[in-house]
Amino acid sequence: MTIQQVIDAILAYHPKIDLPVTCDGFKCGDPLDECKGIVTTCMASVDVIRKTAELGYNLIICHEPTFYTHMDKTDWLEGKNEVYDEKRRFIDENGIAIWRDHDHIHAHRPDGIFLGVMKELGWEEYLVNDPDRPRFFRLPKTTVRELARFLREKMELNGVRVIGNVDAEVSTVAFGGHAYPTVPEQNATNLLNTVDVLIPGELIDWTVTSYARDAAQLGKHKAILHVGHFSMEELGMKYAVNWIKELVGPDIPVRFVRSGDPYNYLF
């Protein structure tokens, strides 16, 4: 089975998307090569690429950019940036193909990333609405501190940034994506107003971040657990191993390699 045949099977599995431009596609590699093994990951970092080479695999299916912009354009990097040049040289020398699955997996119903997050956390029974994009949950009563510790373990985080009272009792949780729009009616503040805890991708300090702090200082049981965009969505790519194995059959090994928490904390 060639790499292209693997990708054809994935595209047939996903719904067709109606977008004028998509960020999905090959970022490097020869689609006609025989597929020796598949790594799923959130981001094809240098360490993920090294691990893929060590395994003897030659296809990485990632969710987020490999080359530092949404569309993975490289003309601004080629011959001008030693980090890019060295990374690209290692990829090419090891004959690794990288294919990005972002728009297609999110277009799946249910959304392939958030379905995977829910499954990996074991929260299926707590889903309260929107089964096509499972992001809202009602958990058994817990504290912000206990929930943060649970997420740190499941997502293998180096730490969790918490805004709010860590001892507050909470139950309702929502995952957010890019919690940074500046238009008031699009502000993630509206989302946090409907639940106890928001777990966002990105934050801006002077929007929902400030709202969460004010709410806590007023004694409200509101909190933000900022785990990071990649660390949250990586669970979706961990779960992807299950359906990719079904598509390619037993002859091609499929393995999840964590790109990992990019943040370290010094105390």
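**Close-up 1. Asp 92 and Arg 88 form a salt bridge in a predicted model.** Asp 92 is partly exposed, at 45% relative accessibility. The closest N and O atoms of the pair are 3.3 Å apart. Both residues lie in helix 3. They are 4 residues apart, about one turn of the helix.

**Close-up 2. Asp 111 and Arg 133 join two loops through a salt bridge.** The N to O distance is 2.6 Å. Asp 111 sits in the loop between helix 4 (103-107) and helix 5 (112-121). Arg 133 sits in the loop between strand 5 (127-129) and strand 6 (136-143). The pair therefore ties together parts that are 22 residues apart in sequence. Is Asp 111 buried or exposed? Asp 111 is buried, with a relative accessible area of 0%. Arg 133 is partly exposed, at 29% relative accessibility.

**Close-up 3. Glu 124 and Lys 119 meet through their side chains in a salt bridge.** Here the N to O distance is 3.9 Å. The pair counts as a salt bridge because the cut-off is within 4 Å. Glu 124 is partly exposed, with a relative accessible area of 37%. Lys 119 is partly exposed as well, at 35%.

**Close-up 4. Four charged residues are linked in a salt-bridge network.** The members are Lys 27, Glu 64, Asp 72 and Arg 100. For the model, the count comes to 10 salt bridges.

Close-up 5. Helix 2 spans residues 46-55. Its buried residues are Val 48, Ile 49 and Thr 52. The strands are strand 2 (38-41), strand 3 (59-62) and strand 4 (97-100). The helix is helix 3 (82-93). Just after helix 2 comes Gly 56, with a positive phi of about 80 degrees.

**Close-up 6. Helix 1 crosses helix 9.** Helix 1 covers residues 3-13, and helix 9 covers residues 229-248. Their axes come within 10 Å and cross at roughly 115 degrees. The crossing is right-handed. Helix 1 brings Val 6, Ala 9, Ile 10 and Tyr 13 to the contact. Helix 9 brings Trp 243, Leu 247 and Val 248. Which classes of residue make up this contact? The contact has 7 nonpolar residues, no polar and no charged ones.

**Close-up 7. Met 237 is a buried residue of helix 9.** Its relative accessible area is 1%. Met 237 and Cys 42 are 195 residues apart in sequence. In space they are 6.0 Å apart, C-alpha to C-alpha. Which residues does Met 237 touch, not counting those up to four places away in sequence? Among them are Thr 40, Thr 41 and Cys 42. Ile 61, Cys 62 and His 63 also touch Met 237. So do Ile 105, Ile 113 and Phe 256.

Terms used: Residues are numbered from 1 along each chain as its sequence is written. This is a predicted model: local features need pLDDT of at least 70, side-chain atom pairs count only at pLDDT 80 or more; totals for chains, interfaces and linings use all residues. Side-chain values use heavy atoms; hydrogens and water are left out. Buried means under 20% relative accessible area, exposed over 50%, partly exposed in between (1.4 Å probe, protein chains only). Contact means heavy atoms within 4.5 Å. Axes are lines fitted to C-alpha atoms, for helices over the stretch in contact, and angles run from 0 to 180 degrees between N-to-C directions. A crossing is left-handed if the near helix is turned anticlockwise from the far one by less than a right angle, and right-handed if clockwise.
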